Every structure is written in structure tokens, then in C-alpha cells.
Amino acid sequence: MARAASFGELRFDRISRSFGTVDALRDVTLTIRKGEFIALLGPSGCGKSTTLNILAGLLPATGGGIWLDERRIDTLRPEERGFGMVFQNYALFPHMNVRRNIGFGLAMRHVSRAEIARRTQEAIALVRLEGHADKLPGQLSGGQQQRVAIARAIVIEPPLVLMDEPLSNLDAKLRLEMRAEIRRIHMSLGATTIYVTHDQEEALSLADRIVVMQAGDVRQVGTPDDLYARPASLDVAEFMGFRNRLSGEIVESDGAGASVRVGAALLRGVAASPLAKGARATLVMRTADLAPAPPDASTVPAIVTAGEFRGDGFVCSGASESGAELWFTSPTRLAIGEAVHLRIDPARARLYPADGA
Amino acid sequence: MAIASSTRAPFDRVTLLAAPAVLILCALFLYPFVYGLWLSFAPAAGGALANYHKFFADPFLYGTIATTLWLALPVTILNLVLAVPVAMRVRLMHSQRLLTTILVLPITLGVVLIAQGLLTYLGPQGWFNRALMTLGLVSHPVRLVHDYWGVFLSLFITGFPFTFLLTLSHVSGIDPALEQAAATLGANARQRFFRVILPLLAPGLAIAFCLSFVQAFSVFPSAILLGAPAGPTRVISIAAYQAAFEDFDYSMASAIAMIMGGVQLAIIAAVLGLRGLAYRGPAGGGKG
Amino acid sequence: MRQGRTLSSRLWAAAIWLLVGVFVLNLLAVIATVIVSSLATRWLGTWLPAGWTAQWYASAWSEFQLADVLTTTFEVAFLVVLISGLVGAPAAYALARREFPGKRLVMLLLLTPLLAPPITYGIPLATVLYSAGFAGKLSGVVMANLVPSVPFVVLVLIPFVEQIDPKIEQAARVFGAGTSRLFWHILTPLLAPGVLAALLLVLVRTLAMFELTFLTSGPDSQTLVVALYYAVFAAGVRPEQSINAMAVIFMLTSMVWLFIALRFVNPTQIVARARKTAA
């Protein structure tokens with residue numbers, strides 16, 4: 001459709017939404033380019049679904065505007081926006097068979113019968129549901145229903161495809177399969193997609209850019225690489241799996257990073273923002289970036305409290321001198337109660353100003 | 001284990017717990033019904049079908065069917081036609097309790113009380129006619145009681161809440177995401193209603209129609225108290241009652257009761273047949 | 001869904017609320033008419049009566065022998081509630097927990113009395129009760145009222161039983177509970193709210209049940225609603241205010257129970273139970 005081709009960028013301009021006195025969304029500003037796959041990532045209640053519903057027109061914003069190029073769309077009714085949406089519970093019409101479900105949006109657009117039949121057939125082939133076209137949704141498995149929902153959303157060739165936690169009702173194996181499927185369909189159609197999820201793995205594997213949301217705010221927008229390696233704040237780092245945290249005082253700061261004194265140890269990490277000497281800071285790192293090593297000035301002593309075999313090694317927990325719980329990997333089995341010294345990978349540990357400092 | 005093995009057994013002690021209820025219904029419902037059916041073919045005079053011949057030969061008797069239908073069908077259809085849009089709207093309300101409580105009042109108070117209230121309210125001196133005259137809509141009081149319209153309104157005032165509450169429970173059972181999905185696919189409010197909501201609602205509406213129709217068709221006290229029981233509102237219940245308790249012809253009364261049951265069954269079968277027809281085609285999913 | 005942004009959808013919404021408003025207003029006005037009239041000294045040709053009095057309640061009480069009628073009414077109602085509870089609750093348990101040959105027939109037997117209009121089966125029933133000598137007596141009225149009440153209790157309670165996990169009963173057995181303990185310590189407390197709700201609704205329905213009582217009662221076994229019918233039928237014999245005073249007393253007797261019942265159930269459930277089972 002002409003409408004699909006003609007947009008360049010989608011802009012959220014200070015969109016906000018409050019329910020009574022509660023702010024579900026505060027001044028969300030965001031620009032999405034044509035063809036991008038954007039994931040809205042965050043814990044439940046962070047405002048990601050609210051954002052999607054406002055974009056779809058299912059929920060009015062209480063402030064701000066949404067612009068598709070120079071056209072303001074947040075005042076339009078959902079049926080006037082022409083987006084495709086995949087709902088969390090699929091929301092397939094139970095009284096229509098697969099073909100009619102998929103063709104529904106085309107019928108609403110007064111597309112000719114023959115054209116509907118042709119495009120519906122194409123969409124069915126795209127989601128690999130040949131042979132199921134005349135079944136009712138109730139006769140399909142969860143994964144097949146999911147495919148119908150996707151086909152129904154994309155067959156209208158919308159400028160924007162919205163997906164609201166589309167994989168959350170599937171079991172683990174099917175989730176992986178459908179993830180690849182969504183990626184494949186996005187690649188073959190190139191439709192701009194906005195994908196809401198609370199699963200960081202899903203977001204990292206699917207998205208071109210990820211928007212991390214917490215408590216109604218956008219905390220960081222970046223590529224999966226960026227987000228995985230360089231979270232902008234302590235909250236985002238924690239959400240992205242930086243599980244260990246150690247607090248101390250900055251003793252030295254340079255272009256590449258900073259050193260922080262934690263107890264007797266002097267540890268290095270990459271600073272997300274310049275940190276002044278003497279400031280309190282929190283050093284965070286992933287489980288994989290902390291491992292036992294011979295003791296020296298840059299290791300943290302800990303007592304092993306538990307260990308789990310993970311095939312290629314062990315994931316252990318330990319208690320540091322200050323009582324902080326640390327998670328680390330070890331190639332060998334460690335006895336509970338054993339004293340170890342843990343070395344941090346200085347290139348992968350991140351330093352942030354300490355909470356409340 | 002005792003429980004596991006007893007579920008497999010065709011009959012056990014737990015099943016017998018249903019026996020008293022079954023016995024009571026056999027004795028007080030099934031037996032009288034069968035007895036009534038037999039009695040209707042055993043008239044005081046004439047052959048087995050004499051009662052039925054008499055009924056369908058006498059316009060004073062067979063006319064009651066049309067009279068009753070002429071009341072029951074318009075009221076039921078009106079109730080349903082109004083109940084659907086109101087239920088669609090009320091479903092969006094956060095607190096429905098006050099409204100539903102008010103509406104359940106006429107159902108629980110019953111037709112006799114409503115009839116008595118309407119006698120005064122709709123009467124020539126009642127508030128209804130006064131209000132109409134004050135608003136300048138009429139110059140003389142409208143004759144409503146002891147007429148068709150009195151009975152019609154009483155059936156409406158007790159029947160609408162019933163139909164509405166039934167419809168509301170059906171409408172509330174439809175997943176709101178379906179309507180949202182239709183909207184994102186470009187369907188406007190009309191299309192959403194006729195293409196998505198109505199097909200899903202149709203089976204429920206058929207049931208609501210049947211239950212509401214049965215209530216309206218068996219109109220009895222209000223037809224006597226509010227209507228003109230000798231004329232325009234001589235419904236079939238009245239004919240059956242008169243045969244039994246004024247002529248003491250139980251055989252004839254049973255025959256009329258059977259005819260009454262038969263007519264209702266025919267209408268219900270027709271509606272449910274239509275429902276089945278609508279369902280064999282496109283509709284029929286598991287949602288809702 | 002979002003509603004009411006365009007003019008036409010606003011007009012449509014307004015029209016619907018107007019309809020609801022007019023309906024509720026008229027309904028409340030009908031009820032108010034009865035109450036106002038029962039308290040009126042004289043009410044002819046004006047919006048409101050000339051004066052107010054409570055004397056009609058006293059005269060209704062004695063003229064219509066309401067003390068006797070109320071006694072009969074509650075005797076009937078409580079007997080019906082008691083018997084349908086005792087018979088209906090075990091039947092609901094059996095039907096919810098067991099599959100047995102002929103179960104569909106039993107369900108049909110339970111459903112039909114709820115769907116069939118009382119007049120249709122009431123006339124043959126009254127005929128049988130007359131020939132058996134029960135009609136015209138309290139026992140006959142109670143029997144007739146059991147016909148819709150027993151199925152009602154069963155059908156309301158079946159979902160209540162079904163939502164109790166059978167594993168709870170199995171667990172109780174594993175821990176050594178016998179059948180009687182299982183009944184008193186497990187099933188009774190779990191089912192109590194459902195039984196209470198069902199019985200309250202049966203009470204309300206029995207108080208308002210006109211047709212069956214009318215067809216089977218005699219002069220000494222009339223319930224209030226039937227007495228009210230006769231009073232209205234013979235209107236003109238007694239002052240209208242007196243009849244309305246009786247109507248108010250009837251309203252109070254059923255509304256008290258209705259409002260107690262509404263503490264336990266949603267108003268929609270009062271009518272919607274039949275739908276679930278019929279659908």
C-alpha cells in the first residue's frame with residue numbers, strides 16, 4: 001500500500017499518561033526510523049504496554065503528541081491509524097477461520113475479493129500455515145494461533161507492526177522457534193516493528209534498537225551491543241544482568257576508566273560517566289566476568305557459599321568481606337566454606353556513581 | 001483408593017445422593033405432565049381428540065394463541081433490541097452494581113406487585129398521564145390500563161431487566177481484545193459490532209430470546225389485572241385457567257396447557273434452529 | 001475501547017443513557033406510586049395526596065388477615081427452602097462429581113422446570129394435587145413450589161462443587177478423614193457460601209412465585225402474593241390505599257431477603273445462572 005511506503009520516521013513527543021494520580025508514563029520522547037525493529041524492554045508495570053496501546057490508539061495519552069512524519073496521529077481513532085497489531089493473547093476472532101481472520105483487515109479496507117484471496121494466501125504461505133486455512137482458531141495450537149495473529153497484522157502492509165509480548169504464552173521451545181520466525185518475517189518484509197517484551201534475551205536477539213523503560217521513564221535507547229556492554233545507569237545495568245555490585249571510593253580516574261577501593265582491594269572498571277576522585281561509586285559486573293585467581297591487590301576475597309554445575313563449569317556464590325553476595329564462575333568444583341580470591345575483568349566491569357551519592 | 005475406584009464404577013453411593021431430587025421431580029413434574037398429557041386425550045365427552053378439536057374450532061379459544069403471541073413477540077423483540085446496545089454501554093462502566101440492583105427489583109418483586117403499581121401509575125389520574133399532560137404531549141389522559149398497552153408495559157418493565165441482565169452477562173464474556181484487534185485492523189464501531197461482537201453474541205442472544213419469550217408468553221396475572229381479560233388481552237393462560245377453575249374441565253385445561261407448551265416449544269425450536277444454522281457456518285470458536 | 005470522541009458516538013451514548021434513565025425513573029415511580037398511595041389520606045386528581053397517614057397499614061393488617069397470611073407465607077417459604085436445600089445440595093454434589101449413565105436425562109429433568117412456564121406444568125400439577133387431596137392445603141403449595149426450587153438449588157450449586165478441587169477431598173481421605181468428617185469438616189465449610197446464596201435466592205423466588213401458589217392454594221394456604229392478587233382483582237371492594245399498604249408489606253418481605261442475598265451474589269447471577277446451564 002502507498003501508505004506503507006510513505007513514512008520516514010515516527011516521533012513520540014513528550015507522551016505521558018496518568019491513571020488518576022499515578023503516572024504510568026512520563027514525557028516519553030523517541031524517534032523511530034522506517035524499517036527498524038525496536039524493542040520496548042522493561043519489567044512489568046514499567047509503561048511499555050501503555051506506550052504501545054497509546055501508539056495503537058487503544059488508550060488516549062494524557063499529554064504530548066505522536067507524529068508520523070508531519071502528520072499528527074495520536075488524535076486518530078485506532079481504525080484510522082492503519083497499524084498492524086499482534087496481541088498478547090492473539091485476540092483471533094473465534095468465529096472466523098484462519099483465512100477470514102487474516103483477510104479481515106483487507107475486507108475493512110474494501111480491497112477486492114480476488115485481491116483479498118491472493119494476499120491472504122501469500123500471508124498464509126509466509127507464516128507457513130498452508131493446510132490450516134479453513135480451521136477455526138480453537139482448532140489450532142498456540143504456535144499456530146501466533147502465526148495467524150502475525151499474518152493478520154502484516155497482510156494489510158501496515159507502516160508499523162506493533163507486537164505486545166507476543167511470545168509470552170508459548171512454552172520455551174516454541175518461543176525460540178517463533179523468535180526466529182518473527183526475525184525471518186521482519187527480514188523478508190522490512191516492516192517497521194515495535195515489540196514489547198520483558199525478556200531481555202528476546203529483545204537482544206530481535207531488535208535493531210532497544211528502548212529500556214523503568215517506572216514510566218525511558219532509561220536508555222541503544223543497540224543490543226550498547227545495552228549489553230554499556231548500560232547507561234546502575235538500574236539498567238542491573239536489569240541487563242550485571243548481577244554483582246561492590247561499593248567503594250574512587251582513588252584514580254583517567255580516560256579509560258577509574259580505580260575504586262573496595263576494602264583492601266583496588267579494582268578497576270569502565271566509568272559510564274566521569275567520576276571525580278574521592279567520590280563514592282558502585283562497581284558492577286556479570287557472573288561471567290568474575291572468577292577465582294591468585295591473590296593480589298586487585299582481587300576480592302570471598303567465602304564460597306554454594307556452587308552449581310553448569311556443564312562447562314560451575315556457577316558459584318560467595319560472601320565478600322563486607323557481606324555482599326557475589327556470583328562468579330569457576331572451572332573447578334569449590335568446597336563450601338572455602339576461601340577464594342576473585343578477579344574482575346576490568347574491561348567489562350562498569351562503574352557508576354553510588355546510589356544516593 | 002476409594003475415591004479413584006468409585007469414579008470408575010458405573011454406579012456408587014455418591015450417585016445415589018441425586019436420587020431424592022430425581023424422585024421429587026418425577027413425582028411432581030414428570031408424572032403430572034404425563035398425566036396431563038393423557039388427561040388431555042380423555043375428554044369428558046367425545047373422542048380422544050375432542051378437546052383439541054374443540055380448541056381449534058372455537059375462535060374464542062384458538063384466538064388466544066394469536067393474542068398471546070401478539071403480546072409476547074413484540075415485547076420480547078423490543079426487550080432484546082434495547083438490551084443489546086444498553087449492555088454494550090453498561091459493560092464499560094466500572095461500577096454496574098447500583099444499576100443492576102435497581103433492575104433486579106422488578107424481577108424479584110414479581111408481576112403482581114408491578115401490576116398493582118402500574119394500575120395507579122398508568123391510570124388516568126396517575127403520574128404517567130400527568131407527566132405527559134404537563135409536558136404537553138397529550139391533552140387527555142391516555143387509556144393504558146385495562147387495555148393491551150397496560151399489559152405490554154408490564155411485560156416490558158419486568159421483562160427488560162431480565163433480558164438485559166442475561167445479555168449483559170453474555171456481552172461481558174466477550175474478550176475486549178477482540179474488539180481492539182478489529183479496531184487496529186481498520187474496523188469502525190459499526191463494523192466491529194456487526195462483524196465481531198454480534199456473531200459471537202448470537203448464540204447467547206438466541207438463549208436470551210427464548211428465556212424472555214417463555215416469560216412473556218406465559219403472561220397471566222397482569223393480563224387479568226392490567227388488561228382486558230375478556231377482550232384484547234385474553235391470553236392462553238386465561239383460557240387454561242378458566243377451563244380448570246371455572247368450568248372444572250381438567251381434561252380441557254390440560255389440553256390447553258399442552259397446546260400452550262407446544263406453541264412455545266415450536267417458537268423456541270425455530271429460534272434455536274436458526275442459532276444452529278448461524279453456527280454451522282463461520283462462527284463457533286471457543287472464546288467468550 | 002475508547003468511546004465518545006465523535007459527535008455521532010456521543011449522541012448515541014446520550015440516547016442510550018437517556019433510555020436507561022427513563023426506564024429506571026419509570027420503574028422507581030411505579031414503586032413510589034404504591035408507597036405514596038399506601039400513606040395517603042385521599043389521593044385523587046393531584047400530584048401528591050391531600051394528607052398523610054399510616055392508618056391503612058392497620059386496616060390492611062386486619063382486613064386482609066395479614067397476620068395469618070404472613071404466617072402461611074413464611075411457613076411455605078421456609079419449608080420450601082429447607083427441603084430444596086436438603087434435597088438439592090446432595091444432588092448437586094453427585095452431579096458435579098460423578099459421571100453415570102442417564103446423567104444427561106437427569107440434567108434435562110432439572111432444566112425443564114426452570115425453562116417451562118409455571119402455568120404450563122402448573123395446571124396438570126394442580127389437577128394431580130387436587131385428585132390426591134393435597135391441593136388447597138399448605139402441603140400442596142409447598143410441593144408445587146418445590147418443582148422450580150429443587151432444580152434451581154442444584155444448578156446454582158453444581159459450579160460451586162466443581163470449583164472445589166477433588167484433590168482436597170482425596171487429601172482429607174489420605175489423612176484419615178471418614179465420610180462424615182469429610183462432610184462436616186471439608187465440604188460443609190467450603191460449600192456454605194454457595195448453599196446460603198442459593199437458599200436465599202430460593203426464598204426470594206418462592207415469596208414472589210405467583211402462578212404455582214395461585215393454582216394450588218386454598219383459602220387457608222394463600223401466600224402474601226396470592227392474597228395481594230385477590231385484593232387487586234377485587235379492587236373497588238376495599239380502599240385502594242389499603243391494597244397498596246398490603247403491597248408495601250409484600251415488597252418489604254421480599255426486599256429484605258433480596259438485599260441480604262445481594263451481599264453474597266451479583267445481581268446478574270440471579271438471572272444468569274439459568275443461561276450458563278442452558279447454553
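**Cavities and a chain contact in a predicted model**

The structure holds four cavities of 30 Å³ or more. This is a predicted model, in which local features need pLDDT of at least 70, side-chain atom pairs count only at pLDDT 80 or more, and totals for chains, interfaces and linings use all residues. Residues are numbered from 1 along each chain as its sequence is written, chains are lettered from A and ligands numbered from 1 in the order in which they are written, and side-chain values use heavy atoms, with hydrogens and water left out.

Q: What makes a space a cavity?
A: On a 1 Å grid over the protein atoms alone, a cavity is a set of points where a 1.4 Å probe fits but cannot get out. The second largest cavity has about 80 Å³ of space, a volume being the space filled by probe spheres set on the points.

Q: Which residues line the second largest cavity?
A: Lining residues have an atom within 4 Å of a point. Among them are Phe37(A), Met163(A) and His186(A).

Q: Which element gives the most to this lining?
A: α7(A) does, with four residues; helices are DSSP runs (H or I) of at least four residues.

Q: How many residues do chain B and chain C bring to their contact?
A: Contact means heavy atoms within 4.5 Å; chain B brings 94 residues and chain C 97 residues.

Q: How many salt bridges are counted between chain B and chain C?
A: A salt bridge needs a side-chain nitrogen of Lys or Arg within 4 Å of a carboxyl oxygen of Asp or Glu. The count between chain B and chain C is zero.

Notes:
On a 1 Å grid over the protein atoms alone, a cavity is a set of points where a 1.4 Å probe fits but cannot get out, and a pocket is an open set with protein on both sides within 12 Å along at least five of seven lines; lining residues have an atom within 4 Å of a point. Helices (H or I, at least four residues) and strands (E, at least two) are DSSP runs, numbered from the N terminus.
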